[in-house]
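This briefing is for a reader who is new to the structure.

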Number of protein chains: 2
Amino acid sequence: MSRQTGPARPSLTRDDVLDAAAALVKQHGPRALTMRKLAAELGTAVTSIYWHVGNRESLLDALVERTVADLGAITPGGRTPAQRIVSVARALRRQLRDHPHLVAMVHERGLTERMFQPAAQALVHEVHAAGLRGARAAEAVRAVLFQVVGFVLVERNRERSPAQHPGDQELWDVPAAEHDPALARALARGPQPERLFTASVRALVDGLLAGD
Amino acid sequence: MSRQTGPARPSLTRDDVLDAAAALVKQHGPRALTMRKLAAELGTAVTSIYWHVGNRESLLDALVERTVADLGAITPGGRTPAQRIVSVARALRRQLRDHPHLVAMVHERGLTERMFQPAAQALVHEVHAAGLRGARAAEAVRAVLFQVVGFVLVERNRERSPAQHPGDQELWDVPAAEHDPALARALARGPQPERLFTASVRALVDGLLAGD
DNA sequence: ACCTGAACACCGTTCAAGT
DNA sequence: ACCTGAACACCGTTCAAGT
């Protein structure tokens with residue numbers, strides 16, 4: 001249970017701590033990140049870690065901060081503004097899915113706004129290009145952001161607890177699909193997140209751009 | 001730190017435990033629900049609780065189960081199917097907001113599907129009335145459910161950590177609002193959840209019903 | 001059937017002490 | 001400036017023992 005990567009280290013760095021913490025989180029999630037396990041992994045006393053990062057909470061803060069900073073830009077693609085908005089949403093979801101524990105951690109820390117700043121900037125631009133102005137435009141941007149983050153949160157959770165207590169089949173079938181076997185089948189099959197996400201965002205964007 | 005409600009209790013009941021647990025969660029959230037605090041609150045030994053509920057995890061499971069069961073029906077209102085779908089979404093959000101810790105607990109336990117069964121049934125009905133069939137209908141139902149749950153999750157979190165690290169103002173203003181002071185102001189003001197929610201759901205539903 | 005205290009293995013964190 | 005062990009106050013859970 002000592003350091004497994006890299007050569008002998010002269011003295012412990014704040015970055016060493018962050019690296020080891022990141023590795024632990026990546027493998028077993030934030031709950032498995034224990035100050036004591038971390039110390040064991042680094043081959044130091046628990047209290048050394050406190051000297052470098054303050055405490056567990058600020059360690060996690062720093063970790064999130066660093067991960068967010070490394071995310072990379074979001075560049076829209078597509079011809080129409082609607083297409084480009086959808087592509088931003090998909091890129092954002094992709095980023096979040098690539099760092100499975102990040103969403104929850106960002107979410108718990110209330111850093112959502114900061115985290116989605118690049119995506120938000122892109123969205124502002126595209127929404128403007130689509131002709132929305134003022135409060136309507138702001139609302140559209142936020143609607144998409146909430147949609148994406150919310151979706152990924154729900155989706156991530158579905159994956160973590162794979163066997164929903166009542167299986168999808170048994171849960172849906174009774175009176176739901178009224179004379180519509182195709183609907184019944186689709187419900188029983190369970191959601192297909194990729195399709196569902198794209199369809200949802202597209203519908204939302206269409207609705208937002210259409211006006212009321 | 002002993003029992004504060006009701007008269008002397010002859011012997012500890014599983015329901016007593018659940019009641020006390022519910023009270024603790026209601027006041028300070030699930031994290032504050034400690035087996036030892038709970039025992040203190042009930043005036044019993046910690047180990048008695050284990051006899052009645054197994055362990056902390058199943059205690060929380062039971063708590064969620066009971067709360068969900070007590071939620072009450074969702075009855076759509078409005079004239080057009082679109083209006084009725086929006087009203088289901090709003091009713092669902094209302095239910096979730098009335099039990100501030102419920103969403104997160106349900107979410108963590110992967111009981112989302114079960115929890116939204118009543119709302120889902122109503123949605124299936126309305127979506128069908130709106131003319132959607134088969135896989136399209138199923139997708140619409142799920143899109144709305146994901147939208148509502150995701151929104152409430154994001155929203156709840158925003159409330160828990162009120163001061164976003166960079167304030168909304170400073171975060172948004174730089175290049176975002178291009179020659180659109182009203183947009184800049186709206187972004188700086190921060191979201192108005194009630195309005196945003198309604199607008200989002202309406203847009204999503206419009207988009208879903210419009211077809212692609 | 002129900003309740004108890006003692007004990008175990010884990011936490012995060014502080015602090016005085018070392019180099 | 002950096003690292004250490006000891007200690008504190010908390011956890012969840014098990015178990016043998018009581019009534």
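Helices here are DSSP runs of H or I with at least four residues, numbered from the N terminus. The model is predicted. With that numbering, H3(B) gives the most to the surface near DNA strand C, with four residues. For DNA strand D, the element that gives the most is H3(A), with four residues.

**DNA strand C**

- DNA strand C is surrounded by 19 residues, and the closest are Arg36(A), Thr47(B), Ser48(B), Trp51(B) and His52(B).
- Of the atoms of DNA strand C that come within 4 Å of the protein, sugar and phosphate account for 50%.
- In chain B, a polar side-chain atom of His52(B) is 2.5 Å from a phosphate oxygen of DNA strand C, and a backbone N or O atom of Ala45(B) is 2.7 Å from a phosphate oxygen of DNA strand C.
- Two or more residues of the surface near DNA strand C come from each of these elements: helix H2 (35-42) and H3 of chain A, and H3 of chain B.
- By class, this surface has seven nonpolar, eight polar and four charged residues.

**DNA strand D**

- Around DNA strand D there are 19 residues, of which Thr47(A), Ser48(A), Trp51(A), His52(A) and Arg36(B) are the closest.
- Sugar and phosphate make up 50% of the atoms of DNA strand D that come within 4 Å of the protein.
- A base nitrogen of DNA strand D lies 2.3 Å from a polar side-chain atom of Arg36(B).
- The elements that give two or more residues to the surface near DNA strand D are helix H3 (46-53) of chain A, and helix H2 (35-42) and helix H3 (46-53) of chain B.
- The residues of this surface divide into seven nonpolar, eight polar and four charged.

**Annotated region of chain A**

- An unreviewed UniProt entry places the annotation "DNA-binding region" on residues 34-53 of chain A.
- That span of chain A is 80% helix and 0% strand, and its end C-alpha atoms lie 13 Å apart.

**Largest pocket**

- The largest pocket holds about 1,500 Å³ of space.
- It is lined by 38 residues, and those closest to its centre are Arg31(A), Glu108(A), Arg160(A), Arg31(B) and Glu108(B).
- Both chains give elements with two or more residues in the lining: helix H4 (56-69), helix H6 (102-109) and helix H9 (134-160) of chain A, and helix H4 (56-69), helix H6 (102-109) and helix H9 (134-160) of chain B.
- The lining divides by class into 14 nonpolar, ten polar and 14 charged residues.

**Arg109(A)**

- Arg109(A) belongs to helix H6 of chain A.
- Is Arg109(A) buried or exposed? Its relative accessible area is 11%, and buried means under 20%, so Arg109(A) counts as buried.
- The side chain of Arg109(A) makes a polar contact of 2.8 Å with the side chain of Asp61(A).

Technical notes
Residues are numbered from 1 along each chain as its sequence is written. Chains are lettered from A and ligands numbered from 1 in the order in which they are written. This is a predicted model: local features need pLDDT of at least 70, side-chain atom pairs count only at pLDDT 80 or more; totals for chains, interfaces and linings use all residues. Side-chain values use heavy atoms; hydrogens and water are left out. A residue is near a molecule or strand if one of its heavy atoms lies within 4 Å of it. A polar contact is a pair of N or O atoms within 3.5 Å; within protein, one must be able to donate a hydrogen and the other to accept it, and residues adjacent in sequence count only if both atoms are side-chain atoms. Ala, Val, Leu, Ile, Met, Phe, Trp, Tyr, Cys and Pro count as nonpolar, Asp, Glu, Lys and Arg as charged, and the others, Gly among them, as polar. On a 1 Å grid over the protein atoms alone, a cavity is a set of points where a 1.4 Å probe fits but cannot get out, and a pocket is an open set with protein on both sides within 12 Å along at least five of seven lines; lining residues have an atom within 4 Å of a point. Grid points are joined across faces, edges and corners, and a volume is the space filled by probe spheres set on the points. UniProt positions are given in the numbering used here, feature names are shortened, and annotations may be inferred rather than shown by experiment. Buried means under 20% relative accessible area, exposed over 50%, partly exposed in between (1.4 Å probe, protein chains only).
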